[in-house]
Amino acid sequence: MRRWFSHTSAAPPGCVEGTAAGGRRPRAVATVGLATGAEHPREAPLSIHDMTVAYQQRPVLWDVDYDAPEGSLVGIVGPNGAGKSTLLKAVLDLVPKASGRVMFYGQPYRRQRALVGYVPQRESIDWDFPVSALDVVLMGRYGRIGWFRPVTRAHRLAALDALARVGLADLARRQISQLSGGQQQRVFLARALAQEARVYLMDEPLASVDATTERTIIAILRELRDEGRTVLVVHHDLQTVPEYFDHVLLLNTRVVAHGPTARTFTAENLRKTYGGRLTLLEEAAHALAQRGGGAPA
Amino acid sequence: MSGLLALSWQRMDTEIVVIAALGAVACALLGNFLVLRRMSLLGDAISHAVLPGLAAAFLLTGSRDSLPMLIGAAIVGVATAVLSEWIHRAGKVDPGAAMGIVFATLFALGLILIRRAADHVDIDPDCVLYGAIELAPLYREQVLGVELPRAAIVLGAVLLIDAAAVLLLYKELKISTFDPALATTQGIPAAAMHYLLTALVAITTVAAFESVGSILVIAMLIVPPAAAYLLTDRLGVMIVLSLVIAALSALGGHAGALVVPGWLGFAGVSTYSASMMAVCAGGLFALAALLGPRHGVLSKLAGRLALARGIAREDALLLLYRLEEAGAAPPASPAAMLRARHGIGPLAAHLALVQLRMRGLVRPGEGRLRLTPSGRTAAAELLRAHRLWETYLDQHLDVPRDHLHRPAERLEHVTDAGLRGRLAADLGHPAQDPQGKPIPVSGRPDAP
């Protein structure tokens, strides 16, 4: 399914003609063509092949095939229960896969942990835990520090830098339950920054945050992308998708569509993603109308 | 009374306290992570579930030596955690119930094993439950030429193991407890850390059982960490405080066991030490719950009272200012007026007026309280906030004119200079409120 979409959307005939004619293609088009093409699947920052995840007997994700383009900001969009969070968790081996293969830069996840940063949903942890904002950000560096070793001053400074980058340098010492929801989300983001990963997987970092936090987070996500990192973000607000993300992955148990936002985030694809049943009914009505000839509906 | 205690205190009492403190500190150290994981009762479950491990260790080795017992306990302890987790996941049973299923079954299995195969062993249920800490100093062994109570040696060794594990793996335990998913993505297997913790809990409870009894073990796993949690919001500090509370409970409990029976007319009887230590820990928890700086009942109460006093002071200032503004004489009894207009009790009103005098905001003159110049400035700012809010509510929110006063009265107490400035700017710096009363200008030059 993925390949149909990438072929149809990645190389529209007009583009190819333009190149053949020797005219200088606009740079944006060239980048888009490269990024969506399946020429280098092995080097993709994240490559998911035939992944299926099931809880008990019920499949949550079915035959997911997806290559994330390097240096892109990807929005993962789909209705509730579409398997968006599960996709991130399965990719990170936090939930077991029924089948399929996941590669980060051509290697399985356990070899590439250091390259992958994860921002879970805010509700996933106990905010009354006796730690400060700085402690939480430092945890992003534990993998780097290594077993048995204490946290050194250099790591502390790196964590403070990350906090400053999200605008929370003044609140480093504060216990985390005394932060607002938006500040807590920024602490999570700072922790991911402190990890210095090349691929980021973020689960609804913009869920119920204030406008200032949303702007700060989006600005940082763009910075990360501009530094050549790949950022995949589960996002729930359809209105802001075209503004925030240059690629989208439309998900509803299966991958419905993926590619550059401008071409993929269409009414047609959204209907397929969100209104599966509606589409079926529409198709049925269409077929009935054709077969019945003159019979009025 | 303390003289009595000093007279009856012997070397044996010191040894009892040291043994109990070693056990209590070892339990409390691990208990921090259980309490923070919201799995406090895992210690209770493990302390029961290890029984078949002890029986099996005895059957295999034919001895009651500590080492095989501790190894058997550690294996069954981890099995308890693994089985509970498995039942919880596979059977859709909540974690507490899953733990209950496992530990009840294992405990019963252990009883059968002991009855069937090792009936002659003296594992006395009473002894396990209540412990026999008063007798612990009697069993002694030579270590490096020094004769020490056996319990102190075993508990000391276990405490060393626990302390080494927590010190070496501090950040790994911290992240696995706080955010298991993040730990796992960083290459620190949270599940394995959890099983390590349960193994440590198992050997610690078994080691402490014999000497201090399971009641004290369960109390020390939960109560000191829970009390410390109320006193701080840093994990490191919490752990240290929990250890101090555990050691204090051991000391206080034994001293209490020596003294309290005397009060009740049982002079000379002192077989309550373990229970008294648990009660003592409970008492320290109650103190922490009352006096804790952030979560404590008293500090919350104090915070509310301070807020109420601040509001009463501001109400008193405004009252005097409004009377001045209306050209009325200062009231003979401002306290009575505060009560009539704001429902402030006589004591609170009196306190508020005294505090205003101490701050130099009001001063008695000709037998009446009057505003000082600085009091007048402060009151003017409050009234400014009040009337700006009335204007705002009228203009922006269409609040009826006769309903403006109440909300403005609440808002005036929480409006700082910055907000006043923004309100004024938003409203175009009005000179009058909706009722036509003048809005005082900010920062009068007559301020001191």
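Predicted model: local features only at pLDDT ≥ 70, side-chain atom pairs only at ≥ 80, totals over all residues.
View 1. Side-chain values use heavy atoms, with hydrogens and water left out, residues are numbered from 1 along each chain as its sequence is written, and chains are lettered from A and ligands numbered from 1 in the order in which they are written. On the chain A side 35 residues are in contact with 27 residues of chain B, contact being heavy atoms within 4.5 Å. Between the two chains there are 14 residue pairs in polar contact (both at pLDDT 80 or more); that term is a pair of N or O atoms within 3.5 Å, where within protein one must be able to donate a hydrogen and the other to accept it, and residues adjacent in sequence count only if both atoms are side-chain atoms. Elements giving two or more residues to chain A's side are α6 (133-139), α7 (142-145) and α9 (181-195), with helices (H or I, at least four residues) and strands (E, at least two) taken as DSSP runs, numbered from the N terminus.

**View 2. Salt bridges from chain to chain.** The rule finds three salt bridges across the interface of chain A and chain B, each one a side-chain nitrogen of Lys or Arg within 4 Å of a carboxyl oxygen of Asp or Glu. One of them pairs Asp135(A) with Lys174(B) at 3.7 Å, N to O. Asp179(B) and Arg191(A) also pair up, at 3.1 Å. Here Asp179(B) sits in the loop between α9 (170-178) and α10 (180-185) of chain B, while Arg191(A) is in helix α9 of chain A. Asp179(B) is buried at 2% relative accessible area, and Arg191(A) is buried too, at 1%; buried means under 20%, exposed over 50%, partly exposed in between (1.4 Å probe, protein chains only).

**View 3. Two long-range pairs, one in each chain.** In chain A, Arg198(A) and Glu70(A) meet in a salt bridge at 3.5 Å, N to O. They are 128 residues apart, with Arg198(A) in the loop between α9 and β6 (199-203) and Glu70(A) in the loop between β2 (58-68) and β3 (73-77). Arg198(A) is partly exposed at 37%, as is Glu70(A) at 42%. In chain B, Glu15(B) bridges to Arg140(B), the closest N and O atoms being 2.8 Å apart. That pair runs from helix α2 (residues 11-36) to strand β1 (residues 140-143), 125 residues apart in the chain. Glu15(B) counts as buried at 11% relative accessibility, whereas Arg140(B) is partly exposed at 26%.

**View 4. Domain 2 against domain 3 in chain B.** Chain B splits into domain 1 (2-295), domain 2 (296-371) and domain 3 (372-448), bounds that come from an automatic or database domain assignment. Domain 2 brings 16 residues to its contact with domain 3, which brings 18. About 1,400 Å² is buried between them. Two salt bridges cross this interface. Look for Glu325(B) with Arg387(B), the closest N and O atoms being 3.0 Å apart. On the domain 2 side, α15 (297-325), β3 (362-365) and β4 (368-371) of chain B each supply at least two residues, and α15(B) gives the largest share, nine residues.

Definitions and conventions
Buried area = accessible area lost by both parts, 1.4 Å probe.
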